[in-house]
Amino acid sequence: MSNGSLLCQPPGTGYRPDLDGLRAIAVLAVVAYHAFPEQAPGGYVGVDVFFVISGFLITNIILDALSRHGFRLREFYARRARRILPALCLVLATCLAFGCYVLLPDEFSNLSKHTAAAAGFAANIAFWRESGYFAPAAQFEPLLHLWSLGIEEQFYLLWPLLLLLAWRLRWHLVPTVALLGAASFALNVIMTNRQATGLYYFPFSRFWELAVGCLLASARVRVASARAVPAAADSPGARASTSRVPARIPGALANAVAIAGVALIAIAAFGFDAHTPFPGFAALVPIAGASCIVAAPGSWFRERVLSHPWLVFVGLVSYPLYLWHWPILSFAAILHAGTPEIGVRVAGLALSFVLAVLTYRLLELPIRKRRRPSVSVALAGAAAALGLAGVAIY
């Protein structure tokens with residue numbers, strides 16, 4: 001078997017509750033930054049943590065499907081639609097309806113334009129052409145936070161195609177992903193002092209953050225495949241049983257790596273601020289922190305701390321919580337003509353959490369279970385309708 005073929009055996013892709021715990025840390029950092037920027041001035045790095053997790057999980061899913069000859073682009077994008085669109089469409093429709101009553105005509109027109117961009121996963125492009133993420137007026141943009149969703153979905157328009165091509169041509173995945181990630185990181189560094197606003201929203205200077213997660217998944221494939229080779233010499237069935245065993249490191253070292261990862265994320269969340277050149281080299285801190293946690297399974301810290309039921313639950317509702325919290329805080333700022341008092345912000349976060357739980361249980365979970373093609377088509381149609389409505393109103 002060639003080296004390329006050895007890379008075609010992904011490790012196990014079983015559920016890891018610690019990654020939901022890491023999602024919880026990421027979303028709580030972002031929420032804290034948006035609601036209480038003085039206390040968590042660098043909490044925006046939670047988005048970068050999300051990127052690493054997303055790249056890791058999606059690549060694992062694709063490689064697992066490829067190894068079973070079961071990967072289909074149509075199924076992949078249908079699954080993404082069921083995962084992303086239900087909560088997104090609900091939030092966009094709610095923002096449009098609420099904005100119709102509380103916003104001035106110019107403000108509502110602007111919201112409609114951003115709704116159209118968000119429905120087409122191009123919010124980062126729209127905001128790139130307007131203002132910076134840290135600009136004072138940013139708090140009056142209810143859909144500003146959807147820039148990250150735009151980057152993520154733009155990445156997943158390209159990454160499955162590239163991964164499928166690499167698989168069929170039997171390219172070495174690790175050096176291929178590393179090369180692409182290095183090119184994106186180089187662009188990120190070059191743009192740091194030249195185009196601060198563009199750098200923050202520009203997809204190609206952000207792709208390296210997702211590529212880090214992809215690289216971690218690809219490296220686990222290589223380790224598992226290397227373990228499969230000697231096993232195959234012993235018995236015909238040994239390769240199938242061991243090729244899916246994830247790489248492990250000693251418990252004490254795994255604990256230290258995971259704790260160091262959380263510490264790095266905390267350093268960024270509480271040590272960075274709006275004046276930190278970001279992403280640039282500074283983004284390496286939260287990215288390294290997330291990578292440490294993703295790459296160090298099997299530790300006590302992962303199983304007892306990051307897998308705590310409360311953290312896992314917050315991680316499970318992290319996507320709708322991320323979608324809801326910023327529009328609520330932003331509309332509150334608009335209605336108060338500035339940053340609202342702390343009681344209003346706390347009430348907004350409480351409402352965000354309630355809406356997130358309801359969205360997850362009553363909308364997301366039921367739709368995810370419906371795997372008929374018509375469901376994905378209907379969701380895409382709903383997003384298109386919202387986009388057209390935004391264009392028409394604008």
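**Ground rules**

I number residues from 1 along each chain as its sequence is written. As the model is predicted, local features need pLDDT of at least 70 and side-chain atom pairs count only at pLDDT 80 or more, while totals for chains, interfaces and linings use all residues; side-chain values use heavy atoms, with hydrogens and water left out.

**Overall**

I looked up the secondary structure first. The protein has 18 helices and zero strands. Helices (H or I, at least four residues) and strands (E, at least two) are DSSP runs, numbered from the N terminus. I then checked burial: 53% of the 394 residues count as buried. Buried means under 20% relative accessible area, exposed over 50%, and partly exposed in between, with a 1.4 Å probe and protein chains only. Next came contacts, meaning heavy atoms within 4.5 Å. Of those between residues at least 6 apart in sequence, 80% join residues at least 24 apart.

**Confidence**

I read pLDDT, the predictor's confidence in each residue, from 0 to 100. The mean for the protein is 85, and 87% of residues reach 70 or more. Which element has the lowest mean pLDDT, and which the highest? Helix α11 (residues 238–242) has the lowest, at 30, and helix α16 (residues 318–335) the highest, at 96. I marked two stretches. Residues 1–13 stay under 50, and the model gives them 41 contacts beyond four places in sequence. Residues 226–247 are also below 50, with 32 contacts beyond near neighbours in sequence.

I looked up S291 in helix α13 (residues 284–295). S291 has a relative accessible area of 13%, so it is buried. Leaving aside neighbours within four places in sequence, S291 contacts V52, V212 and L216.

H114 sits in helix α5 (residues 105–119). Is H114 buried or exposed? H114 is buried, because its relative accessibility is 2%. Not counting residues up to four places away in sequence, H114 touches A126, F127, E130, E141 and L143.

R372 is in the loop between α17 (342–369) and α18 (373–393). R372 counts as exposed because its relative accessibility is 51%. I also checked R372 against A78. They are 294 residues apart in sequence, and their C-alpha atoms are 9.2 Å apart in space.

**Helix pairs**

Two packed helices are described by the angle between their axes and the distance between the axes. Axes are lines fitted to C-alpha atoms, for helices over the stretch in contact, and angles run from 0 to 180 degrees between N-to-C directions.

I took α4 (residues 73–102) with α17. They pack at about 140°, with axes 9 Å apart. The pair is therefore oblique. Under 35 degrees counts as roughly parallel, over 145 as roughly antiparallel, 65 to 115 as roughly perpendicular, and the rest as oblique. In this pair, R82, R83, P86, A87 and L90 of α4 meet T359, L363, E364, I367 and R368 of α17.

I then took α2 (residues 17–35) with α15 (residues 309–316). Their axes come within 7 Å and cross at roughly 70°. That angle is why α2 is roughly perpendicular to α15. On the α2 side I listed P17, D20, G21, R23, A24, V27 and L28, which meet L311, V312, V314, G315 and L316 in α15.
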